[in-house]
Amino acid sequence: MRVDIVSIFPEYFAPLELSLIGRARARGTLQLDVHDLRTWTHDVHRTVDDTPYGGGPGMVMRPEPWGQALDALVPADGPAPRLLVPTPTGAPFTQALAHELAAEPHLLFACGRYEGIDQRVLDHAAERMPVTEVSLGDYVLFGGEVAVLVIMEAVTRLLPGVLGNAGSLDEESHAHGLLEAPVYTKPPLWRGHEVPAVLRSGDHGRIARWRRDESLRRTAGRRPDMLAAMPAETFDKHDLAALQGTGFPQSSQGMAE
Ligand code: 6GU
């Protein structure tokens with residue numbers, strides 16, 4: 001996969017040299033280039049922002065440097081990249097979107113700062129390539145840089161060959177609409193806290209059942225929105241026993257009143 005990142009703070013992306021993302025780059029699984037937006041400014045102050053039309057606080061990123069950056073990074077021949085713009089006004093970033101992005105041959109991230117990028121940059125880009133505005137959640141960051149680090153970590157670990165054990169992708173939180181059960185390692189007794197006996201029993205059927213029960217109860221407690229999104233048929237009689245007292249499933253999930 002090829003990835004280009006444009007930002008006024010290229011130094012933010014130093015962590016992408018480390019650990020498994022760094023290794024994916026060294027191996028060529030990920031071909032990543034970070035570009036300084038100011039490369040495409042031509043005044044002595046290398047200006048990237050200006051005051052907003054209509055008034056109001058803060059500054060807006062000017063369209064000209066962005067237009068030139070996209071011209072330089074979008075191949076004139078061959079397929080256009082998918083343009084990703086991190087912004088608190090974007091659609092929520094989810095594991096499903098991470099899977100979608102991991103299947104793309106070329107991603108281009110445009111990191112906005114201040115109050116955002118002049119809308120015409122995105123409208124013009126959308127005439128030439130798919131554009132996705134994406135948000136990490138309901139809070140506001142200074143700019144898109146940290147969001148790109150998050151998105152790149154979520155996407156890179158889904159690329160073929162990056163994780164040693166691909167099976168762990170199938171069992172992890174958000175893979176099947178439930179949070180993962182708690183995990184334990186040695187020693188069996190630590191500061192008065194024991195590892196649940198079932199996990200030391202060697203009975204794989206009971207262990208799987210225990211993990212599913214814990215997943216269901218944990219999801220009901222912490223992420224009732226996720227459990228509410230699951231159709232009632234998803235839950236068998238063992239699941240219903242595990243969910244006793246949690247308020248799930250709800251009548252709106254198709255159960256008899
Ligand atoms: Cl993707 N960008 C910014 N600037 N703020 C955010 C965000 C993104 N997601 C949540 N807040």
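A polar contact is a pair of N or O atoms within 3.5 Å; within protein, one must be able to donate a hydrogen and the other to accept it, and residues adjacent in sequence count only if both atoms are side-chain atoms. The model is predicted, with local features needing pLDDT of at least 70 and side-chain atom pairs pLDDT 80 or more, while totals for chains, interfaces and linings use all residues. Residues are numbered from 1 along each chain as its sequence is written, and side-chain values use heavy atoms, without hydrogens and water.

Nitrogen atoms of the ligand take part in the contacts that follow. A polar backbone atom of Tyr 139 is 2.5 Å from a ligand nitrogen, a backbone N or O atom of Leu 136 lies 2.8 Å from a ligand nitrogen, and for Ser 135 a polar side-chain atom lies 3.5 Å from a ligand nitrogen. Of the 290 Å² of accessible area (Shrake-Rupley method, 1.4 Å probe) that the ligand has on its own, the protein covers 96%.

Strands S5 (82-92) and S7 (131-135) are the elements that give two or more residues to the shell around the ligand; helices (H or I, at least four residues) and strands (E, at least two) are DSSP runs, numbered from the N terminus. S5 provides the largest share, three residues.

Helix H3 (residues 95-102) has the buried residues Leu 97, Ala 98, Leu 101 and Ala 102, where buried means under 20% relative accessible area (1.4 Å probe, protein chains only). These residues fall within an arc of 140° seen down the axis of H3, so they line one face of the helix; the arc is that of the directions from the helix axis to the C-beta atoms. They pack against S5, strand S6 (106-110), S7 and helix H5 (145-156), with contact meaning heavy atoms within 4.5 Å.

Methods
Buried < 20%, exposed > 50% of the residue type's maximum accessible area, 1.4 Å probe, protein only.
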